[in-house]
Amino acid sequence: GSDLMRVIDNAVGYASQVVPLDSNYGGGYPYASGLRFDVNLSSATEKVLNVQVYDSQSQIWLALDTEDAKGKSYMVVTSSFIAGGGDDYLTDIEPLNMNVTDIGYTEEVVNYLRDLEGEWEPPELDQMSTTSF
């Protein structure tokens, strides 16, 4: 949980240039499924607040456990670019377990859209990863 919080913090910081990587490049803004948070760039301390994860079993949003109590861990699926250190999301973070596949995320999105019946509908506001900015 604490590592995941740092990943989100890093990503928001770099994307907004609060933590500059390069004057010409800001890094990708973090979007996620099953994860939502508030962003307050005017805060002097905490830029990312109220991080919640969606529990698919209970179908409710739960606060991210940043205390890492009782060995709580979270599964994260990402691109090989991010997993390999791209956009510096993983600065000073070492994933506990990494399973690399050859599945391209672009291919999976195309397959999802192709298999959709009807038109794609954007997620409801309460399902979006950034709940306030």
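Biologist: Where is Tyr 112 placed?
Modeller: Tyr 112 sits in helix α3. Please note that this is a predicted model.

Biologist: Which residues make the nonpolar surface patch?
Modeller: That patch consists of Val 109, Tyr 112, Leu 113 and Trp 120, and its area is about 430 Å².

Biologist: And which residues gather in the patch of negative charge?
Modeller: Glu 119, Glu 121, Glu 124 and Asp 126 come together there, on the surface.

Biologist: Where is Asp 126 found?
Modeller: Asp 126 belongs to the loop that runs between α3 (105–115) and β4 (130–132). With a relative accessible area of 43%, Asp 126 is partly exposed.

Biologist: Let us step back to the overall fold. How many helices and strands are there in the chain?
Modeller: The chain has three helices and four strands. Their order along the sequence is α-β-β-β-α-α-β.

Biologist: What percentage of the residues count as buried?
Modeller: The figure is 25% of the 133 residues in the chain.

Biologist: Contacts next. What share comes from residues 24 or more positions apart?
Modeller: Such pairs account for 54% of the contacts in the chain, where contacts with a separation of 6 or more are considered.

Biologist: I have a specific pair in mind. What separates the C-alpha atoms of Gly 13 and Lys 47?
Modeller: The distance between these two C-alpha atoms is 7.8 Å, while the residues are 34 residues apart along the chain.

Biologist: Is Gly 13 buried or exposed?
Modeller: Gly 13 counts as buried, because its relative accessibility is 7% and the cut-off for buried is under 20%. Gly 13 is part of helix α1 (residues 2–15).

Biologist: Staying with helix α1, which residues there are separated by about one helical turn?
Modeller: Arg 6 and Asp 3 are such a pair, because they are three residues apart in helix α1. Their side chains form a salt bridge, with an N to O distance of 3.1 Å.

Biologist: How many salt bridges does the structure hold?
Modeller: The structure holds one salt bridge.

Biologist: And what is the accessibility of its two partners, Arg 6 and Asp 3?
Modeller: Arg 6 is partly exposed at a relative accessible area of 34%. Asp 3 is likewise partly exposed, with 32% relative accessibility.

Biologist: Now the backbone. What is the phi of Asn 50?
Modeller: Asn 50 has a positive phi of about 50°, although the residue is not a glycine. As background, most residues other than glycine have a negative phi.

Biologist: Where is Asn 50, then?
Modeller: Asn 50 lies in strand β2 (residues 48–55). Asn 50 is also exposed, since its relative accessible area is 53% and the threshold for exposed is over 50%.

Biologist: What about the phi of Asp 92?
Modeller: Asp 92 is not a glycine either, and its phi is positive, about 60°.

Biologist: Which loop holds Asp 92?
Modeller: Asp 92 is located in the loop between α2 (80–83) and α3.

Biologist: Is Asp 92 buried or exposed?
Modeller: Asp 92 counts as exposed, at 69% relative accessibility.

Note on methods:
Residues numbered from 1 in each chain as written. Predicted model: local features only at pLDDT ≥ 70, side-chain atom pairs only at ≥ 80, totals over all residues. Heavy atoms only, no water. Helix = DSSP H or I, 4+ residues; strand = E, 2+ residues; numbered from the N terminus. Buried < 20%, exposed > 50% of the residue type's maximum accessible area, 1.4 Å probe, protein only. Contact = heavy atoms within 4.5 Å. Patch = residues over 30% accessible without salt bridge, like charges linked within 9 Å, V, L, I, M, F, W, Y side chains within 5 Å. Areas by Shrake-Rupley, 256 points an atom, 1.4 Å probe, with all protein chains shown as cover. Salt bridge = Lys/Arg side-chain N within 4 Å of Asp/Glu carboxyl O. Lys, Arg positive; Asp, Glu negative; His and termini not counted. Charge placed at Lys NZ, Arg CZ, Asp CG, Glu CD.
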